[in-house]
Structure formats: structure tokens, C-alpha cells
Amino acid sequence: MPELGIIFLGVVVVFFIILIAKGLVIVKQAQVMIIENFGKFSRVLNPGLHVIIPVMEKAHEMEWRNSREYVDGSGRTRVVPFMELRDTIDMRETVYDFDRQNVITKDNVGIEINALLYFQITDPLKAAYKVESLPVAIEKLTQTTLRNIIGEMDLDQTLTSRETINSKLQVILDDASNKWGVKVNRVELQDIIPPAAIREAMEKQMKAERDRRAMVTEAEGTKTAQILKAEAVRESEIKKAEGMKQAAILEAEGQAEAKIKVAQAEAESVKIVANTVAQSSNPASYMISLKYIEALQTMTEGKDNKIIYMPYEASNVLGAVAAIKDLTGGAVAVQK
């Protein structure tokens with residue numbers, strides 16, 4: 001009998017230890033725990049150490065989306081999502097990476113799209129009691145909303161309007177999930193994959209466009225080079241013409257200046273001669289006589305004897321001829 005009492009006492013002690021262990025609950029930072037009393041909501045436990053009544057009180061469990069990685073037969077790492085039950089609710093921002101789904105555009109082109117969803121639980125009670133499975137609800141809502149948005153756009157708009165699609169998704173999902181105590185912060189489209197035939201046609205189009213741009217660029221370069229070459233030739237011709245013009249001007253100015261110098265020298269010579277012969281003879285007659293003498297020297301050059309007949313019409317000319325006669329010593333014969 002004493003042994004049975006010791007065993008019973010040991011069992012009671014172990015039972016109470018288990019109850020105490022079950023009654024101590026630690027909630028981590030950025031998490032909350034919903035406590036139910038016999039299945040009815042009791043209170044929300046914030047981060048820290050708490051005591052609950054075992055058996056009577058129990059944490060509410062929620063489905064949560066999780067994933068694990070594995071290596072397939074080809075050596076590639078793949079991610080497999082799965083659902084698990086958790087007795088705490090994470091209040092931090094959560095990222096959902098949805099699988100690719102087939103959607104049809106407005107012009108009846110089937111494409112594959114996968115999206116990233118960034119959301120955060122703001123009201124744990126609504127998240128626990130307003131929807132049966134929050135991850136499934138968010139995933140299905142995202143998929144149906146994405147189909148509706150893509151169905152209103154053609155393929156070209158879908159490929160070039162990611163930011164527009166992201167904004168529309170974020171607004172619609174945030175408004176719809178507000179009753180679940182969820183705030184959708186951002187939505188991102190990772191990949192938009194059109195069919196293989198469409199991709200091939202797009203690649204050909206892109207190649208043709210690149211070839212066209214290359215030809216246009218080359219033509220514009222050739223055009224620019226020709227324009228620059230023509231402008232260089234024009235500038236060269238202009239500079240050359242300006243140089244020739246300047247040279248002609250300088251040459252003309254030089255010739256004019258030379259003639260002026262010669263005329264000034266002759267004028268000075270005439271003045272000197274005039275001052276010298278002013279007392280004995282007429283300076284004008286003297287100069288005329290000099291010109292005649294120079295002409296006579298030219299005409300009488302050579303070995304043959306020459307007789308030169310020179311008419312005269314007026315007294316001035318006769319005076320000039322007489323002066324020449326005096327200078328030549330009578331070597332000139334005058335015919336009347």
C-alpha cells in the first residue's frame with residue numbers, strides 16, 4: 001500500500017508539472033496568439049510570457065502557407081509550397097510567390113503569368129475569424145483579379161504595362177482583403193510568358209526593328225558626313241576666294257602705289273630740271289625734247305643709216321624740234 005501511495009503521488013506531481021508547462025506560453029516578437037476558452041474567443045496574447053489554463057484555454061490555430069526546397073532528378077532546386085497549422089499569427093509583412101497561371105488576353109492569346117504579393121495582417125481577429133483559410137483566399141483572389149485585368153488588355157498592352165497592372169492589382173486586392181484584416185502593400189509581376197510561336201514572331205520583329213534602326217543610323221551617319229564634307233569644301237573655297245581677292249587687292253594697291261611713286265619721282269625730276277633750266281630755256285620744251293630723243297634713240301638703233309622725217313604743225317612743235325636739233329647737233333632733218 002505505501003508503494004501505491006508513492007506512485008499516485010508521483011503521478012499527481014508529473015500531472016501538475018505537465019499542466020504548468022502547458023500553461024506557460026511564450027509569444028515571440030512581431031507575433032500574436034489568439035486564446036479561446038472552450039472554443040470561444042477569450043483574448044489576444046502579445047509578445048512575452050503568458051499563463052493560460054490548460055485544457056480550458058487553447059491557442060487558435062490558423063492555416064499558413066509555407067514552402068520547402070528539394071533537388072529534382074536533373075539537379076535543379078525546386079520550391080514546393082504546402083499548408084501548415086500555426087498557433088501564432090505573424091504580424092510582419094509576408095511575401096507570397098504564386099505559381100504560374102494561364103490567362104487569356106483581350107485578343108485571345110494565352111500567356112503564363114506569376115506574381116509576387118506583399119501583404120501584412122493588421123487585425124489578427126479578422127484574419128482568424130472572417131475567412132476560413134487566409135492564404136487560400138488571398139491566392140484565389142489574386143488569380144481571379146489578375147485574369148480580369150489581363151482580359152481587358154491585348155498582348156502588346158500586357159507586355160508593356162506591368163506598372164499599370166501592378167497598380168490595379170494592388171488597389172483591388174487591398175480593397176477586397178480589408179475585411180480580412182489584411183493590408184496589401186505591393187504586387188509585382190515576375191514573368192509574362194507568351195506562347196512559343198508568339199515569342200518567335202516577336203524575336204523576328206525585334207530583329208527586323210534593330211536592322212531598320214541600324215540602317216537608319218548608318219544612313220544618317222553617311223548623310224551627316226556628306227553634309228560636313230560639303231561644308232568643308234565650301235568653307236575651303238570661300239577661304240581660297242577670299243585669299244585670292246585679298247591678294248588681288250594687295251597687288252592692285254601695290255601697282256597703284258608704284259605708279260604713284262614713279263609719278264612722284266618724275267614730278268620731282270621735272271621740278272629739278274625746271275629749276276635748273278629755268279634761266280636759259282623753256283622747261284616744257286626741254287622735257288618734250290627728252291622724250292623725242294628717247295624715241296629717236298630707239299628708232300635709230302641698228303647698223304643701217306636712217307633718215308627721219310618729222311612734220312610739225314605749230315610753233316610749239318617747231319620750238320621743240322629746234323631744241324632737238326640743238327641737242328642732236330643738227331643730225332635730224334626736218335621736212336616741211
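Reader: First up, Tyr-129: buried, exposed or partly exposed?
Author: Tyr-129 is partly exposed, with a relative accessible area of 38%. Buried here means under 20% relative accessible area, exposed over 50%, and partly exposed in between, with a 1.4 Å probe and protein chains only. Before we go on: this is a predicted model, where local features need pLDDT of at least 70, side-chain atom pairs count only at pLDDT 80 or more, and totals for chains, interfaces and linings use all residues. Residues are numbered from 1 along each chain as its sequence is written, and side-chain values use heavy atoms, with hydrogens and water left out.

Reader: OK. How many aromatic pairs does a search of the whole structure find?
Author: The search finds two aromatic pairs. In one of them, Phe-41 and Tyr-129 sit edge-to-face, 6.3 Å centre to centre with 75 degrees between the planes. The rule is that rings of Phe, Tyr and Trp (its six-membered ring) pair if their centres lie within 6.5 Å; planes under 30 degrees apart count as stacked, over 60 as edge-to-face and the rest as tilted.

Reader: Which parts of the chain does the Phe-41 and Tyr-129 pair tie together?
Author: Phe-41 is in strand 3 (residues 40-45) and Tyr-129 in helix 2, so the pair ties together parts that are 88 residues apart in sequence. Helices (H or I, at least four residues) and strands (E, at least two) are DSSP runs, numbered from the N terminus. Phe-41 is partly exposed too, at a relative accessible area of 35%.

Reader: And what about the rings of Tyr-96 and Phe-119?
Author: Their centres are 4.9 Å apart and their planes at 75 degrees, so that pair is edge-to-face. Tyr-96 belongs to strand 9 and Phe-119 to strand 11, 23 residues apart. Tyr-96 is buried at a relative accessible area of 2%, and Phe-119 counts as buried at 1%.

Reader: Let's go inside, then. Which residues have the most contacts in the largest nonpolar core?
Author: Leu-117, Leu-134 and Ile-138 do, in a core of 36 residues. A nonpolar core is a set of buried Ala, Val, Leu, Ile, Met, Phe, Trp, Tyr and Cys residues joined through side-chain atoms within 4.5 Å. Helix 3 gives the largest share of this core, seven residues.

Reader: What is Ile-138 in contact with?
Author: Leaving aside neighbours within four places in sequence, Ile-138 is in contact (heavy atoms within 4.5 Å) with Tyr-96, Phe-98, Leu-117, Phe-119, Trp-180 and Val-182. Apart from that core lies another, of seven residues, among them Ile-35, Leu-45, Ile-52 and Ala-59.

Reader: Switching to helix 5: which of its residues are buried?
Author: Ile-165, Asn-166, Leu-169, Leu-173, Asp-174 and Ser-177 are the buried ones. They cover an arc of only 150 degrees around the axis, which puts them on the same side of helix 5. That arc is taken from the directions from the helix axis to the C-beta atoms.

Reader: What covers them, and what's on the face turned away?
Author: The cover includes strand 11 (110-121), helix 3 (134-151), helix 4 (155-160) and strand 12 (182-193). The face turned away from the buried side carries the exposed residues Glu-163, Val-171 and Asp-175.

Reader: Now charges. How many salt bridges does the count come to?
Author: The count comes to 12, taking a salt bridge as a side-chain nitrogen of Lys or Arg within 4 Å of a carboxyl oxygen of Asp or Glu. Arg-100, Glu-112 and Asp-191 are linked in a network of them. Arg-100 meets Glu-112 at 4.0 Å, N to O, and Asp-191 at 3.9 Å, N to O.

Reader: How exposed are Glu-112 and Asp-191?
Author: Glu-112 counts as partly exposed at 31% relative accessibility. Asp-191 is partly exposed as well, at 30%.

Reader: Last one: what is the phi of Val-55, and where is Val-55 found?
Author: Val-55 has a positive phi of about 70 degrees although it is not a glycine. Val-55 is found in the loop between strand 4 (48-51) and strand 5 (57-59), and is exposed, with a relative accessible area of 72%. Most residues other than glycine have a negative phi.
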